[in-house]
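Dear colleague,

I am handing over the structure we spoke about, and I would be glad if you could look through it alongside the notes below.

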Amino acid sequence: MNVVDTLIVNFGEAVATASGSIIAEWDDSLNLDAGGEVKTQFVPGDEIFLLVHHDADVSIVDVKPTAGSLSNLGNIQLQRIQEIGWGNIDDEQQLTYNPTGNLAFAWKGRVGLAPVKNGKAVTLGSSFPCLALVSYGVDFTRYRLQTPIMTLAKDETFPLRVYIYYQETGA
């Protein structure tokens, strides 16, 4: 397989390729402390769970950390909710992720009529302006990063990056 490029993704942000996008983010459902709160800092030896989402025109070739080991835990589908507003008939709004299945709209005020989804784009037929919370399924690949066990001095940090290698498929 011919690798086209390598990404270093800032978690929670999409990175655009020529054909699509890739999103890597923390798995807030599994990165929890003993009290059930989402962890924002990790210590040597911790397991860290990541989610990677990509558009159909991008194929993930490999995901590798600069230290520790990474395991692919398989594909999962999670729900995402996004606030979207439309001002007029020409207003095409973009979903953050490629949706799997139908969209569910929870209208906040005026109800938009005749929503149409085309990939990540969503348009309405009438009833402007309007605002909705749009809920939809998203396919992710879940990874577990086992951080290296080491001794750090007080206030010392150890930077670690995860590289995503991908190929443009042109699907």
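The notes that follow cover a sheet and some salt bridges.

Please bear in mind that this is a predicted model. One part of it is an open sheet of three strands, arranged in the order β7-β10-β9 with antiparallel pairing. The edge strands of this sheet are β7 (93–94) and β9 (116–118), each of which pairs on one side only. Between β9 and β10 (residues 121–123), which run antiparallel, there are three bridges, and V116 has T123 in β10 as its bridge partner.

Turning to charged side chains, a search of the whole structure finds six salt bridges, and I describe some of them here. D55 and K120 form one of these, with their closest N and O atoms 3.2 Å apart. This pair links distant parts of the chain, since D55 lies in the loop between β4 (47–54) and β5 (58–65) while K120 lies in the loop between β9 and β10, 65 residues apart. Both D55 and K120 are buried.

Another salt bridge joins the side chains of K39 and D46, at 2.9 Å from N to O. Here D46 counts as buried because its relative accessible area is 16%, which falls under the 20% cut-off, whereas K39, at 24% relative accessibility, is partly exposed.

A further salt bridge is formed by D62 and K64, whose closest N and O atoms are 3.6 Å apart. In this pair D62 is partly exposed at 30% relative accessibility, and K64 is also partly exposed, at 43%.

Methods. Residues are numbered from 1 along each chain as its sequence is written. This is a predicted model: local features need pLDDT of at least 70, side-chain atom pairs count only at pLDDT 80 or more; totals for chains, interfaces and linings use all residues. Side-chain values use heavy atoms; hydrogens and water are left out. Two strands pair if DSSP finds at least two bridges between them. Helices (H or I, at least four residues) and strands (E, at least two) are DSSP runs, numbered from the N terminus. A salt bridge is a side-chain nitrogen of Lys or Arg within 4 Å of a carboxyl oxygen of Asp or Glu. Buried means under 20% relative accessible area, exposed over 50%, partly exposed in between (1.4 Å probe, protein chains only).
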